[in-house]
Amino acid sequence: MSEGMGAATGANISAATSAITDAKGNASSSVAMTATPILHLADAHKAFGENEVLKGISFDVHKGEIVCVIGASGGGKSTLLRCLTLLDHFDRGELEYDGILVTKKKAVRRQVRDKVGLVFQDFNLFPHFSVLRNITDAPLKVQKRDKAEVMARAEQLLDQMGLSDKAKAVPCELSGGQQQRVSIARALALDPEIIFFDEPTSALDPELTADVLKIMRDLADEHMTMVVVTHEIKFAAEVADRVIFIDKGLIAEQGGPQIIAHPQSARLQTFLRKLEV
Amino acid sequence: MTIETIIKLLLINALGSLQIFCYSLIGALILGVLVCFLRMRKFFLVRLITQFYISVMRGTPLMLQLFVVFFGPGLAFGVSLGSGYKFIAILIAFILNYAAYYAEIYRSGLVSIPQGQYEAANVLGYSHLQTFFRVILPQVVKRILPAMSNEVISLVKDTSLAFTLGFAEMFSEAQNIVSNYANLWAFVIAAAVYYLFNLLIAFIMNRGEKKLSYYHE
């Protein structure tokens, strides 16, 4: 899974773009695209009882793309992320990873599970495991990979996260920012093809937020495919290839990061104005 | 009657207490898992029956439960189960009673584990069994250990209730000595033996808690 990232070049952008369907029909990504998107979502619906949370969401994510999802609380962002990471399922609509249609069948979900990583808002590290074991347990016990290889990868990830000296610590001995970096390492250790972040800095003090955002910027530089639900508008404007603004269960506006500086829709304008206050 | 003789007699009969304790503990720890499992089923009727069982076990005296199990079969069906049944009846009553308490402790531990732990395990691809044994169970053990210590210590003391059925254990022997020889030392010594045994249990459980104190949530 370590073949050259972002392999496609500008030459096939136009061909790929025409294949993309999105709600607003205004796909505009600066990232090179391959024909089959890693993530393809079409007309996704989800309701809890009477409450319709997602009312038809469609978008694609291509290899190496960084998509930031923004929007007010209660707008359906978290539900969308839970369904995309298979913690829940859409009522209606089509979800594909790497061209594989996700159904409720166990075998399919297991097959797709490997491709998807998730970093939680409140980390959800395993408190009884050391930092190292948090990172290595799933590759060893779930993916049944070679121990030496997993250990080497874990060391490299810890180094990348600036946590080499914390391998033996348990999560409760770490700061929130460090815990979140461990949880990013834990997700990366499984070599997912796409990694989701659920407001990764919301549970952190402002001074710890910077560390985590830096790690995410580094990942973006390495062309890791990422979908980031975030309130960090500045981060989204700087790092995202595409910004999706979700409001009342629908994509109200999407486009390149410039839509944050120059929002087209009234709703995004209102949302951004509220953030400034 | 000398103190030594009393000690000897009591310790010989302490074996009966120890047997009740060990078998009941093992039986209740295991049955408790099943009860807890049933108590947490989604199916309403299963849950209701289990809840009823737990509330009866907790809501009526253990001594009365002992009588029901021991005399019940004879009174209700006229069957005589022989002298060996006394010990069996004691174990049945103790196991049924303590399993109800243990099940509730297990459950309290299980529901206290944050949903996020299950979700993290799910996202990382753990199977249900792996999630339970690798992620959930170790955390549950840590959380329920103090409550379990209490219940295990209670069980040690409750073994003395077997004397009401005339079973030869330490307390019934102490009672014999006191009433036949008017020697109160038997009670004092029996108390000391119960106390020391519970001290040992508390020590062991404490070691366990310390061992698991390398982390907190």
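The structure is a predicted model, in which local features need pLDDT of at least 70 and side-chain atom pairs count only at pLDDT 80 or more, while totals for chains, interfaces and linings use all residues. Residues are numbered from 1 along each chain as its sequence is written, chains are lettered from A and ligands numbered from 1 in the order in which they are written, and side-chain values use heavy atoms, with hydrogens and water left out.

I begin with the interface. On the side of chain B, 19 residues are in contact with 24 residues of chain A, contact meaning heavy atoms within 4.5 Å. The size of an interface is often given as the accessible area lost when the parts come together. Here the two chains bury about 2000 Å² between them, with 60% of it on carbon and sulfur atoms; buried area is the accessible area (1.4 Å probe) that two parts lose on being put together, summed over both. In chain B, the residues that lose the most area to chain A are B:Val123, B:Leu124 and B:Arg134, which together account for 33% of what that side buries.

Which residue of chain A forms a salt bridge with B:Arg134? The partner is A:Asp137, and the closest N and O atoms are 2.7 Å apart. A salt bridge is counted when a side-chain nitrogen of Lys or Arg is within 4 Å of a carboxyl oxygen of Asp or Glu, and the rule finds two across this interface. Between the chains there are also nine residue pairs in polar contact, both residues at pLDDT 80 or more. A polar contact is a pair of N or O atoms within 3.5 Å; within protein, one must be able to donate a hydrogen and the other to accept it, and residues adjacent in sequence count only if both atoms are side-chain atoms.

Helix 5 (115–123) and helix 6 (128–158) of chain B each supply at least two residues of the side that touches chain A. Helices (H or I, at least four residues) and strands (E, at least two) are DSSP runs, numbered from the N terminus. Helix 5 of chain B gives the most to that side, with seven residues. The residues of that side of chain B divide into nine nonpolar, seven polar and three charged; Ala, Val, Leu, Ile, Met, Phe, Trp, Tyr, Cys and Pro count as nonpolar, Asp, Glu, Lys and Arg as charged, and the others, Gly among them, as polar.

The buried residues of helix 5 of chain B include B:Gln117, B:Ala120 and B:Val123. Buried means under 20% relative accessible area, exposed over 50%, and partly exposed in between (1.4 Å probe, protein chains only). These buried residues pack against helix 2 (77–84), helix 3 (106–113), strand 6 and helix 6 of chain A, together with helix 6 of chain B. Just after helix 5 of chain B, B:Gly125 takes a positive phi of about 95 degrees.

Two residues lie in the loop between strand 6 (116–119) and helix 4 of chain A: A:Phe123 and A:Asn124. Neither is a glycine, yet A:Phe123 has a positive phi of about 65 degrees and A:Asn124 one of about 50 degrees. A:Phe123 is buried at 11% relative accessibility, and A:Asn124 is buried at 9%.

I turn now to the strands of chain A. Four of them form an open antiparallel sheet in the order 2-1-4-5. Strand 2 (51–61) and strand 5 (100–101) stand at the edges with a single partner strand each, so one side of each is left without a neighbour in the sheet. Strand 1 (residues 39–48) and strand 2 are joined by eight bridges, pairing being assigned if DSSP finds at least two bridges. Within that pair, A:Ala44 stands opposite A:Ile57.

How many residues of strand 3 (residues 66–70) of chain A are buried? Five of its five are, with A:Ile66, A:Cys68 and A:Ile70 on one side and A:Val67 and A:Val69 on the other. Strand 3 pairs in the parallel sense over four bridges with strand 8 (residues 226–229), and likewise over four bridges with strand 9 (residues 242–247). A:Val69 stands opposite A:Val229 in strand 8, while A:Cys68 stands opposite A:Val243 in strand 9.
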